[in-house]
Amino acid sequence: MIRFLDFFLSFIGLVILFPIFILVFVVSYFFTVSPIFLQTRVGKNQKAFTLIKFRTMPVETQSIATHFVDLNSVTKLGIFLRKTKLDELPQLINVLRGEMSLVGPRPCLLSQIELIKERELRGVFSVSPGITGLAQIKNVNMSTPKKLAKIDQRMIQTMSLKLYLYYILLTVFSKEDF
């Protein structure tokens, strides 16, 4: 049921938000000649996949976890895209392709060894990574691997259709910047 909802909601989201997608792409092009950011991440069963986002930092910024990057590296448009969560919009393509879910643990980088080990211990890789989840709602990021893995595990163990929809609604209508 959740895979069906992932596919249906991401398809509808892309169709409805397509004009915004194009607008962000064109405006981003003036800030950087490469508005789309592609990065290899760890997915379900630790299978690598290419995450798609709108670029929020200059092209030359090192491809490392966000909490290791100086926040002054985020462009002015990038600040807006992050605040409105529009930088995540292209990930709906990842959801359509079955690489991600709308709700699940945020996909980590292959270089985040400590987080990968913590998630392995807790069975977190048994589900598809998500655009949002309990950790994002609680404002817990990848800088605290053990805490994050525990929250991911709890989310997976308690996941229901009701919570899936609740996490999406909280993300869409939240005024907090994750």
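**View 1. The largest nonpolar core of this predicted model.** This core holds 31 residues. L102, V103 and C108 touch the most other members. Helix α1 supplies the largest share of the core, four residues. In soluble globular proteins, nonpolar side chains tend to be buried together.

**View 2. The surroundings of L102, a residue of that core.** Neighbours within four places in sequence are left aside here.

**View 3. The aromatic pair F4 and F8.** A search of the whole structure finds four aromatic pairs. One of them is F4 with F8, and this pair is stacked. The ring centres lie 6.0 Å apart, with 10 degrees between the planes. Both residues sit in helix α1, which spans residues 2-31. They are four residues apart, about one turn of the helix. F4 has 53% relative accessibility, so it counts as exposed. F8 counts as partly exposed because its relative accessibility is 41%.

**View 4. The aromatic pair F7 and F11.** The ring centres are 6.5 Å apart and the planes meet at 5 degrees, so F7 and F11 are stacked. About one helical turn separates F7 from F11, because they are four residues apart in helix α1. F7 is partly exposed, at 41% relative accessibility. F11 is partly exposed as well, at 43%.

Notes
Residues numbered from 1 in each chain as written. Predicted model: local features only at pLDDT ≥ 70, side-chain atom pairs only at ≥ 80, totals over all residues. Heavy atoms only, no water. Phe/Tyr/Trp six-rings, centres within 6.5 Å; stacked < 30°, edge-to-face > 60°. Helix = DSSP H or I, 4+ residues; strand = E, 2+ residues; numbered from the N terminus. Buried < 20%, exposed > 50% of the residue type's maximum accessible area, 1.4 Å probe, protein only. Core = buried A, V, L, I, M, F, W, Y, C linked by side-chain atoms within 4.5 Å. Contact = heavy atoms within 4.5 Å.
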